[in-house]
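Q: I have a model open here and would like to talk it through piece by piece. Could we begin with the overall make-up and then go into the details?

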Amino acid sequence: MDSVEDKILTSVKKCGRGKVFFSSEFLRYGTAKRINKALELLSEKGLLMRVARGLYCYPKQEKIYGLGAVPPMVEEIASAIARRDASRVVPTGEWAQYQLGLTQQIPMNIVYLTDGTSRTIELLDGRKIKFKHSASKNFAFKDRTAMLVTSALKSIGKGNITDELVNVLDAVLSGKNVSFSLDLHLMPEWVRKIIQGRYEKIS
């Protein structure tokens, strides 16, 4: 009979490398204590990677430069949490600015809006992913780039929008196939004016 460790490893291998999962997904194989011990042993062997409390991944392997196991990206972690909670998430604040390309600085505290429960996930690398409950209209965007532009500009603030920033935004959106028209009604008036004045033609 396969051990709990074998059963867990077989299960995650079926999903492929990069899979992010929660310890609670394996309770069919034993008690919570036994599952946690199995995940701990698999992590110590380098077969799995612990990302945060109760959160693991079957890591991708970087072989060209010999870096070995590669931790999951923040977006992959956030998507896994959203799937578990049956919720939606939207990058906001400095993380939205980074996702859009308005800054190259990766924030230590990464913030998402969610229509689920507010929570903070402390990653083992010292970063935190915060989920802040928000109104449903923030998740109604049809175009992801339009959503990121709106979220990023709102986080920067109307009074802090400079010509230099708009020029960077011009460069970011250049060549992208972005449709703003279906999302204009979801934007604050001042954001809508910026979009209509400069990017409405991108559709």
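Q: How many helices and strands does the chain have?
A: This is a predicted model, and in it the chain has seven helices and nine strands.

Q: And what box do the C-alpha atoms fill?
A: Taken along the principal axes, the box filled by the C-alpha atoms of the chain is roughly 65 × 40 × 30 Å.

Q: What percentage of the residues count as buried?
A: The chain has 203 residues, and 43% of them count as buried. As for contacts between residues at least 6 apart in sequence, 55% of these join residues at least 24 apart.

Q: Let's go to H2. What does it reach from its first C-alpha to its last?
A: Helix H2 runs over residues 32-44, which is 13 residues, and its reach from first to last C-alpha is 18 Å, close to the 18 Å expected at 1.5 Å a residue.

Q: Which residues in H2 are buried?
A: Ile35, Ala38, Leu39 and Leu42 are buried in H2.

Q: Are Phe21 and Tyr56 buried or exposed?
A: Phe21 counts as buried because its relative accessibility is 0%, and Tyr56 counts as buried at 6%; the cut-off for buried is under 20%. Phe21 and Tyr56 also belong to one aromatic cluster, together with Phe26 and Tyr29.

Q: How many aromatic pairs does the structure hold?
A: The structure holds five aromatic pairs. Among them is that of Tyr112 and Phe131, whose ring centres are 5.7 Å apart with planes at 20 degrees, so the pair is stacked. Tyr112 lies in strand E7 and Phe131 in strand E9, 19 residues apart, and this pair links distant parts of the chain. Tyr112 and Phe131 are buried.

Q: Changing topic to the sheet with E7 and E9: in what order do its strands come?
A: The order is E6-E7-E9-E8, four strands that form an open sheet with mixed pairing. Strand E6 (89-92) and strand E8 (119-122) each have a single partner strand and stand at the edges, so one side of each is left without a neighbour in the sheet. On average, neighbouring strands of this sheet are turned by 25 degrees against each other, direction ignored.

Q: In which sense do E8 and E9 pair?
A: E8 and strand E9 (residues 128-133) pair in the antiparallel sense, over four bridges. The bridge partner of Thr120 is Lys130 in E9.

Q: Last one: which helix packs on the sheet?
A: Helix H4 (residues 93-100) packs on the sheet, where it touches E6 and strand E7 (109-114), and the direction of H4 makes about 90 degrees with that of E6.

Technical notes. Residues numbered from 1 in each chain as written. Predicted model: local features only at pLDDT ≥ 70, side-chain atom pairs only at ≥ 80, totals over all residues. Heavy atoms only, no water. Helix = DSSP H or I, 4+ residues; strand = E, 2+ residues; numbered from the N terminus. Expected span 1.5 Å × (residues − 1). Buried < 20%, exposed > 50% of the residue type's maximum accessible area, 1.4 Å probe, protein only. Pairing = 2+ DSSP bridges. Axes fitted to C-alpha atoms, helices over the stretch in contact; angles between N-to-C directions. Contact = heavy atoms within 4.5 Å. Phe/Tyr/Trp six-rings, centres within 6.5 Å; stacked < 30°, edge-to-face > 60°.
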